[in-house]
Amino acid sequence: MARAGQQDSQRRLKSGKKRKASSQRWLERQLNDPYVKRAKEEDYRSRAAFKLTELDDRFGLVKGARRVVDLGIAPGGWAQVVRRRAPKAAIVGIDLLETEPIDGVTIFQMDFMDDAAPAALTEALDGAPDLVMSDMAANTVGHKQTDHLRTMALVEAAAWFAVEVLDKGGAFVAKGFAGGTDKDLLDLLKKHFKTVKHAKPPASRKGSSEWYVVAQDFKGRSE
């Protein structure tokens, strides 16, 4: 026999018969996703917060961080994790989308690819960051290869930014998508970081092609 919560979900699903199939599938995932429920219970803005907490538990990225850059900050889940795990850290984020204010976080609503963006981010921190994190993804156009290439271009841009601004010993974490075109990205990271690993945290849906690259112990820039 279905519990009250299940009956409620079923009613909501039945009421959406006119929705597109893709919208219906998304709604069903949301209603049945334990991470969505946890996000509401723990007052996180998105389930993506748990991807960062799981990566942090494994790699120790956030704890002890002093200055953090959050690329693709909206809706703010990753910044919330940093605020809770490194409450004294200075945090600056950027996104094309509007992001509701977060206490202790400087947020720019602008395109990361804008020439003025890197300077705005670094000046807001008043010092070199020791963590650059990117959850950016390009808007999809429905063509798998094109979508992949556009997102990987953002990831590579984020990696170059990290190489240019990170403090020695710092770390970089970014979302990407499987597709076999990330050799240049890995070559760049392996050149500048002592350790580079791929990870797929449990909070990342099994059917998703997303993966995360984690680069730690930045070697520093040659003078």
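Q: Which backbone nitrogen does the side chain of Asp111 reach?
A: That of Met113, at 2.9 Å. Bear in mind that this is a predicted model.

Q: OK, and where is Asp111 found?
A: In the loop between β3 (105-109) and α6 (117-125).

Q: Is Asp111 buried, partly exposed or exposed?
A: Partly exposed, because its relative accessible area is 34%, and buried would need under 20% while exposed would need over 50%.

Q: What does Asp111 touch, not counting residues up to four places away in sequence?
A: Ile94, Leu96 and Ala117.

Q: Which residues does UniProt list for "binding site"?
A: The UniProt entry, an unreviewed one, gives Gly76, Trp78, Asp95, Asp111 and Asp135.

Q: Let's take Gly76 then. Where does it sit?
A: Gly76 is placed in the loop between β1 (67-71) and α5 (77-85).

Q: Buried or exposed, that Gly76?
A: Buried, since the relative accessible area of Gly76 is 0% and the cut-off for buried is under 20%.

Q: And what is Gly76 in contact with, leaving aside neighbours within four places in sequence?
A: Arg45, Thr99 and Ile102.

Q: What about Pro101, where does that lie?
A: Pro101 is in the loop between β2 (90-95) and β3. Its C-alpha atom is separated from that of Gly76 by 8.6 Å, with the two residues 25 apart along the chain.

Q: What does Pro101 touch, then?
A: Arg45 and Ile107, if you skip residues up to four places away in sequence. Arg45 is also on the contact list of Gly76.

Q: Is Pro101 buried or exposed?
A: Exposed, because the relative accessible area is 68% and the cut-off is over 50%.

Q: Switching to the inside: how many residues are in the largest nonpolar core?
A: That core has 34 residues, and Leu71, Val132 and Phe172 have the most contacts inside it.

Q: Which elements give two or more residues to this core?
A: They are β1, β2, α6, α7 (144-165), β5 (171-177), α8 (183-192) and β7 (210-218). The largest share, 10 residues, comes from α7.

Q: What does Leu71 touch?
A: Beyond residues up to four places away in sequence, its contacts include Ile94, Phe112, Val132, Ala158 and Phe161. Asp135 is another residue that Leu71 touches, and Asp135 is on the UniProt "binding site" list too.

Q: Which residues are in the other core?
A: That one lies apart, with 31 residues, among them Val81, Val82, Val173 and Ala199.

Terms used: Residues are numbered from 1 along each chain as its sequence is written. This is a predicted model: local features need pLDDT of at least 70, side-chain atom pairs count only at pLDDT 80 or more; totals for chains, interfaces and linings use all residues. Side-chain values use heavy atoms; hydrogens and water are left out. UniProt positions are given in the numbering used here, feature names are shortened, and annotations may be inferred rather than shown by experiment. Helices (H or I, at least four residues) and strands (E, at least two) are DSSP runs, numbered from the N terminus. Buried means under 20% relative accessible area, exposed over 50%, partly exposed in between (1.4 Å probe, protein chains only). Contact means heavy atoms within 4.5 Å. A polar contact is a pair of N or O atoms within 3.5 Å; within protein, one must be able to donate a hydrogen and the other to accept it, and residues adjacent in sequence count only if both atoms are side-chain atoms. A nonpolar core is a set of buried Ala, Val, Leu, Ile, Met, Phe, Trp, Tyr and Cys residues joined through side-chain atoms within 4.5 Å.
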